[in-house]
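Take a moment to look over the chain before reading on. Try to pick out its parts by eye.

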Amino acid sequence: MASEDKKKKPAFDCEAASSTVKDLRATFATEKTRSYEWRASQLKSLLKLINDHESDIIDALRSDLSKPAHEAFVSEISMLRSSCEFILKGLKRWMMPEKVKTTITTFPSSAEIVPEPLGVVLVISAWNYPFYLSVDPVIGAIAAGNALVLKPSEIAPATSSLLVKLFGEYLDSSAIKVVEGAVPETSALLEQKWDKIFYTGNGKVGRIVAAAAAKHLTPVALELGGKCPVIVDSDINLTVTARRLIGGKWGLNNGQACVSADHIITTKDFAPKLIDALKLELEQFFGKDPLISEDLSRIVSSNHFAHLSKLLDEDKVSGKIVHGGGRNKDDLKIAPTILLDAPEDSLIMNEEIFGPLLPIVTVDNIEESFSIINSKEKPLAAYLFTNNKTLKGKFVKNVSAGGLLINDIALHLANPNLPFGGVGESGMDAYHGKFSFDTFTHKKAVLYRSFVGDAPARYPPYTPGKLRLLKALLGGDIIGVIRALVGW
Ligand code: NAD
């Protein structure tokens with residue numbers, strides 16, 4: 001029994017978590033992570049790590065997800081390079097205090113906003129983009145001058161162990177640590193007091209993270225998911241739309257992406273044309289037998305494979321497949337699958353799909369899509385394909401989501417000038433570009449005064465004359481000020 005208990009004990013328990021945080025606090029207290037030089041040198045080392053180990057990263061992603069090298073390069077490696085370079089370009093400027101105006105209430109004075117690191121932060125990441133989703137928040141945490149722990153996903157073990165190895169070799173291990181593990185290890189980390197927790201993953205665990213953080217009043221960034229809808233109008237370039245839809249569904253880790261298309265909404269009349277175009281382009285992209293295509297990621301685990309199979313095998317859903325449906329349990333492969341008008345109360349229409357299944361919902365009038373989307377939880381992203389300017393305007397005005405993109409899928413997250421994050425059920429807080437710096441930074445308000453201009457009207461004994469003077473001053477009434485001063 002005793003030896004069984006020993007076996008169950010996580011390698012990294014509460015005690016280890018507590019001493020890790022203590023060490024990081026000691027490093028943070030030395031103030032070395034605050035300097036521009038430290039931040040820039042760590043970011044440059046990260047860039048070097050990525051450049052030196054491109055092929056190791058691609059190999060790890062292939063091992064974890066059969067992720068095609070092309071996708072690994074485009075959506076993990078090159079995204080991180082751009083992120084690092086963008087932040088390095090702006091960092092010195094963002095670190096400077098920002099002078100702000102003062103008002104009559106504080107006259108004479110000067111004021112500024114001083115950005116300061118939050119302290120010691122925890123980054124918990126997910127398995128689907130296991131390199132990118134681990135490193136990108138870390139870039140923000142370093143840029144903002146924090147010490148940190150990264151906890152990668154245990155469901156992508158090759159990437160997780162590569163991160164431990166490479167971070168150890170390239171980064172300052174007194175301030176940047178990687179802790180591997182699953183629920184027990186993450187729970188031990190969550191017991192500790194952090195200055196911020198940045199979590200990427202599903203909403204169920206997001207709630208566990210938020211509850212743990214609340215105990216210490218720790219702020220959280222929750223980067224969650226949801227069912228990202230795509231509205232397809234008939235006023236479009238059909239071939240380009242079909243290609244972008246395929247790229248934004250099956251070309252994103254075979255649909256296992258938070259911003260991938262979850263379902264399409266189009267009109268009854270247009271659906272057959274759209275389905276034909278998708279079928280044609282799918283065959284061009286992945287051949288006649290997509291199950292053997294090297295250009296499609298596999299499903300991450302047998303659990304997730306079983307989950308997707310359950311969505312597909314529900315009685316009221318299995319008859320709705322209009323394309324695909326093939327799967328291979330041994331290889332964890334599922335072919336691109338399109339369904340038409342699966343019932344509203346089916347699992348597939350109510351759970352985040354996060355895989356290669358694409359239901360199409362039909363409506364009589366395309367504008368009905370807005371109320372369908374707004375009747376559900378707010379998604380991480382919502383998409384519209386159209387040339388119609390009025391429809392675009394209505395979409396932007398009426399649909400609430402973490403982000404909107406017109407005439408493409410997922411590309412909005414590649415613009416570092418746009419915040420990336422959810423709203424409502426899809427999460428809180430945002431990052432990318434300067435937003436990554438901001439999410440790990442406290443904006444400290446600083447007001448400077450001297451000893452001149454000490455107004456007696458502030459102090460007791462309070463008199464009607466003093467009050468008259470203050471009212472006139474604060475109301476910007478110069479004549480009133482003069483009258484109060486001369487005692488009229
Ligand atoms: P996951 O299983 O890798 O879990 C995420 C992290 O939570 C892991 O590090 C894991 O160890 C930890 N974790 C799991 N259970 C826990 C528990 N009980 N207590 C504490 N920690 C726990 O990833 P996932 O959640 O399956 O990821 C898929 C979800 O994430 C989808 O909903 C997707 O939309 C969302 N997602 C969002 C983004 C985004 O940027 N907004 C990106 C990727 C994925």
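What follows walks through the domains, the contact between two of them, the ligand and the salt bridges.

Keep in mind that this is a predicted model. Start with the overall layout. The chain is divided into three pieces: domain 1 (2-224 + 433-443), domain 2 (229-421) and domain 3 (455-486). Notice that domain 1 is written as two stretches, 2-224 and 433-443. The residues of domain 2, 229-421, fall between those two stretches in the numbering.

Now turn to domain 1 and domain 2. Their centres, taken over C-alpha atoms, are 31 Å apart. The two domains also touch. On one side, domain 1 brings 18 residues into contact; on the other, domain 2 brings 24. Together they bury about 1,600 Å², and 57% of that area is on carbon and sulfur atoms. Which three residues supply more than any others of the area that domain 1 buries against domain 2? They are Glu71, Trp127 and Phe435, with 27% of that area.

What kinds of links cross this interface? The rule for salt bridges finds zero of them between domain 1 and domain 2. Polar contacts are there, however: six residue pairs are counted between the two domains. Look next at where the touching side of domain 1 comes from. Helix 4 (54-65), helix 5 (69-95) and helix 16 (434-439) each give at least two residues to it. By type, the residues on this side of domain 1 split into nine nonpolar, four polar and five charged.

Next, find the ligand. An N or O atom in the side chain of glutamate 352 is 2.6 Å from an oxygen atom of the ligand. Lysine 151 also uses its side chain: an N or O atom there lies 2.8 Å from a ligand oxygen. Glutamate 223 uses its backbone instead. One of its backbone N or O atoms is 3.4 Å from a nitrogen atom of the ligand.

Finally, consider the salt bridges. By the rule used here, the count comes to 23. One of them joins aspartate 59 and arginine 62, whose closest N and O atoms are 3.3 Å apart. Where do these two partners sit in helix 4 relative to each other? Aspartate 59 and arginine 62 are three residues apart in that helix, so about one helical turn separates them.

Technical notes:
Residues numbered from 1 in each chain as written. Predicted model: local features only at pLDDT ≥ 70, side-chain atom pairs only at ≥ 80, totals over all residues. Heavy atoms only, no water. Domains from an automatic or database assignment. Contact = heavy atoms within 4.5 Å. Buried area = accessible area lost by both parts, 1.4 Å probe. Salt bridge = Lys/Arg side-chain N within 4 Å of Asp/Glu carboxyl O. Polar contact = N/O pair within 3.5 Å; in protein donor to acceptor, adjacent residues only side chain to side chain. Helix = DSSP H or I, 4+ residues; strand = E, 2+ residues; numbered from the N terminus. Nonpolar A, V, L, I, M, F, W, Y, C, P; charged D, E, K, R; others polar.
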